[in-house]
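Let's walk through this protein together, from its overall build down to a few individual residues. Keep the structure open beside the text as you read.

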Amino acid sequence: MPNVQGKGEVFLQGIWQQDSIAHAEKLLSYTTHRLKFTCDSFYVDFTTHSKENYYEDSCFNNGIWKEYAKGTYQVKNDTLTLVGDFTKANYKQKVSGCYRTGRYINEFKIKNRSPQQLALEDLNTHNLLNLTLSEQITCVPKEL
């Protein structure tokens with residue numbers, strides 16, 4: 001058996017965008033997600049909006065900043081598990097700098113899914129991510 005990437009879940013393949021957060025204007029901070037699933041890999045872009053400065057001033061960026069992570073995922077029953085690392089914007093390894101570094105591990109309950117919509121509940125924060133499919137992707141496994 002050649003050493004190739006796994007096929008992942010067909011229903012997840014594509015780019016999923018979270019366009020809004022309920023009552024965002026009332027929150028001190030919130031984060032929207034853009035998730036890309038290709039074969040057994042994921043790429044996630046986080047965009048955070050914050051009224052409070054949790055970082056040094058040079059990182060605060062007027063209260064809006066982006067973070068990135070990539071790795072592999074697994075679906076078991078109704079749970080989506082993402083295991084990877086925080087990265088730079090080009091998805092290369094990030095070892096220092098503003099915001100989070102190191103491992104990115106998160107689990108989501110798949111609350112609802114259709115070909116164009118995906119609802120995930122973050123099992124750490126219990127926030128609901130309502131995602132819309134913006135681009136379909138067909139898995140073509142690559143050699144590792």
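**A guided look at the fold**

Of the contacts in the chain with a separation of 6 or more, 47% are between residues 24 or more positions apart. Please bear in mind as we go that this is a predicted model.

Start with the whole chain. It fills, by its C-alpha atoms, a box of roughly 50 × 35 × 25 Å along the principal axes. A compact globule with 144 residues would have a radius of gyration near 15 Å, and the chain has 16 Å, so the two agree. Buried residues account for 40% of the 144 residues.

Now trace the secondary structure. The chain holds one helix and eight strands. How do the eight strands come together? They close into a barrel in the order 1-2-3-4-5-6-7-8, with antiparallel pairing. From one strand to the next, the twist averages 35 degrees. As a reminder, strands of a sheet pair through backbone hydrogen bonds, either parallel or antiparallel.

Spanning residues 14-17, strand 1 pairs with strand 2 (residues 29-38) in the antiparallel sense over four bridges. Here Trp16 stands opposite Leu35 of strand 2. Strand 1 also pairs with strand 8 (residues 128-136), again antiparallel and over four bridges. In that pairing, Ile15 has Glu135 of strand 8 as its bridge partner.

Move on to strand 2 and its other neighbor. Strand 2 and strand 3 (residues 41-50) form an antiparallel pair over ten bridges. Look for two phenylalanines here: Phe37 has Phe42, in strand 3, as its bridge partner. Two residues lie between the strands of this hairpin, and Cys39 takes a positive phi near 55 degrees there.

Finally, zoom in on one residue, Thr81. You will find Thr81 in strand 5, which covers residues 79-87. Which residues does Thr81 touch, leaving aside those up to four places away in sequence? They are Thr72, Tyr73, Gln74, Asn106 and Glu107. With Glu107, the side chain of Thr81 makes a polar contact, side chain to side chain, at 3.2 Å.

Terms used: Residues are numbered from 1 along each chain as its sequence is written. This is a predicted model: local features need pLDDT of at least 70, side-chain atom pairs count only at pLDDT 80 or more; totals for chains, interfaces and linings use all residues. Side-chain values use heavy atoms; hydrogens and water are left out. Two strands pair if DSSP finds at least two bridges between them. A polar contact is a pair of N or O atoms within 3.5 Å; within protein, one must be able to donate a hydrogen and the other to accept it, and residues adjacent in sequence count only if both atoms are side-chain atoms. Contact means heavy atoms within 4.5 Å. Axes are lines fitted to C-alpha atoms, for helices over the stretch in contact, and angles run from 0 to 180 degrees between N-to-C directions. The radius of gyration is taken over C-alpha atoms; the globule rule is 2.2 Å times the number of residues to the power 0.38. Buried means under 20% relative accessible area, exposed over 50%, partly exposed in between (1.4 Å probe, protein chains only).
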